[in-house]
Amino acid sequence: KAETSPYTCSLVLQELTLREWVESTGRGPGKRRMLTHPDKLLDAWSEQWQGRKEKRSKWYTFVETPEHLLAHLAEEIDRQKVDYPWAFTGAAAANVYAPLLTSTEGAEIIVPRGYADKMADRLGLKPVSKGANVTLIEREPASLLYRYMRSDQPVFFASPYILYLDLLDGRGRNKELAQHIRERLESLWQRN
């Protein structure tokens, strides 16, 4: 799914073992590893995440009620039968996953590289330099792995890990929301 070579996977597993972040059982091809320090891996991932380059474009769409922007966009994506992967991310999406903030502004949508203009066209978005309420983020396919869909509507959200990483941008109350999501992730790790 991640389109990663077996060699790269092997190197990553070796590095995790050297850092003592995994426990291994068995030998050879049947060797199994279990992550024992997901917090340390997430910290290392977040350091790397801050330095990456990605293409972001700003757009505008009219919505009568700004609180319904995500639902409006999701309905339009469904109506337009968008046939490539996409997912909401950023504060609005994170606040749906782990409610904390009383309101959020704007929507951020991850699309594959080269698909921003196609998505904007499908949604009838207008390019803007100021007053944007939609940001399209072009990323590698791995950012769209493990996206999840809400059962009550056809809305895809980035995985909680991607939501967390995207909130580390320091804008507004994103850091506070990131911490809230991390606490939720840590409670999941403790249960497993």
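**Exercise 1. The pair K55 and E138**

Find what joins the side chains of K55 and E138 in this predicted model, and describe the surroundings of each residue.

Solution. 
Step 1. Start with the side chains: those of K55 and E138 form a salt bridge, with an N to O distance of 3.7 Å.
Step 2. K55 belongs to strand β3 and E138 to strand β7, and the pair links distant parts of the chain, 83 residues apart.
Step 3. Look at the strands. β3 (residues 55-60) and β7 (residues 134-139) pair in the antiparallel sense over five bridges. Within this pairing, K55 stands opposite E138.
Step 4. Compare accessibility with the cut-offs, under 20% for buried and over 50% for exposed. K55 has a relative accessibility of 52%, so K55 counts as exposed. E138 has 9%, so E138 is buried.

**Exercise 2. Helices α2 and α7**

Describe how helix α2 and helix α7 are placed relative to each other, and which residues meet.

Solution. 
Step 1. Two packed helices are described by the distance and the angle between their axes.
Step 2. For α2 (residues 38-50) and α7 (residues 174-191), the axes come within 11 Å and cross at roughly 145°.
Step 3. From α2, the residues P38, D39, L42 and D43 take part; from α7, they meet R182, L185 and W189. Sorted by class, this contact has four nonpolar residues, three charged residues and no polar ones.
Step 4. Side chains of opposite charge can pair when their charged atoms come close. Here D43 and R182 form a salt bridge at 2.7 Å, N to O. Because D43 lies in α2 and R182 in α7, the pair ties together parts that are 139 residues apart in sequence.
Step 5. D43, at 33% relative accessibility, counts as partly exposed, whereas R182, at 8%, counts as buried.

**Exercise 3. R113 and E140**

Where in the chain do R113 and E140 lie, and are they buried, partly exposed or exposed?

Solution. 
Step 1. The side chains of R113 and E140 meet in a salt bridge of 3.4 Å, N to O.
Step 2. R113 is in the loop between β5 (107-112) and α5 (116-123), and E140 is in the loop between β7 and β8 (148-149), so the pair ties together parts 27 residues apart in sequence.
Step 3. R113 is exposed, with a relative accessible area of 54%. E140 counts as partly exposed at 27% relative accessibility.

**Exercise 4. E108 and a network**

How many salt bridges are counted, and which residues are linked with E108 in a network?

Solution. 
Step 1. The count comes to 15 salt bridges.
Step 2. A network of salt bridges links E108 with R52, E54, R56, R139, D166, D169 and R171.
Step 3. E108 lies in strand β5. Its relative accessibility is 9%, so E108 counts as buried.
Step 4. The side chains of E108 and R171 are joined by a polar contact of 2.6 Å.
Step 5. Leaving aside neighbours within four places in sequence, the residues in contact with E108 include R56, F88, T135, I137 and R171.

Terms used:
Residues numbered from 1 in each chain as written. Predicted model: local features only at pLDDT ≥ 70, side-chain atom pairs only at ≥ 80, totals over all residues. Heavy atoms only, no water. Axes fitted to C-alpha atoms, helices over the stretch in contact; angles between N-to-C directions. Helix = DSSP H or I, 4+ residues; strand = E, 2+ residues; numbered from the N terminus. Contact = heavy atoms within 4.5 Å. Nonpolar A, V, L, I, M, F, W, Y, C, P; charged D, E, K, R; others polar. Pairing = 2+ DSSP bridges. Salt bridge = Lys/Arg side-chain N within 4 Å of Asp/Glu carboxyl O. Buried < 20%, exposed > 50% of the residue type's maximum accessible area, 1.4 Å probe, protein only. Polar contact = N/O pair within 3.5 Å; in protein donor to acceptor, adjacent residues only side chain to side chain.
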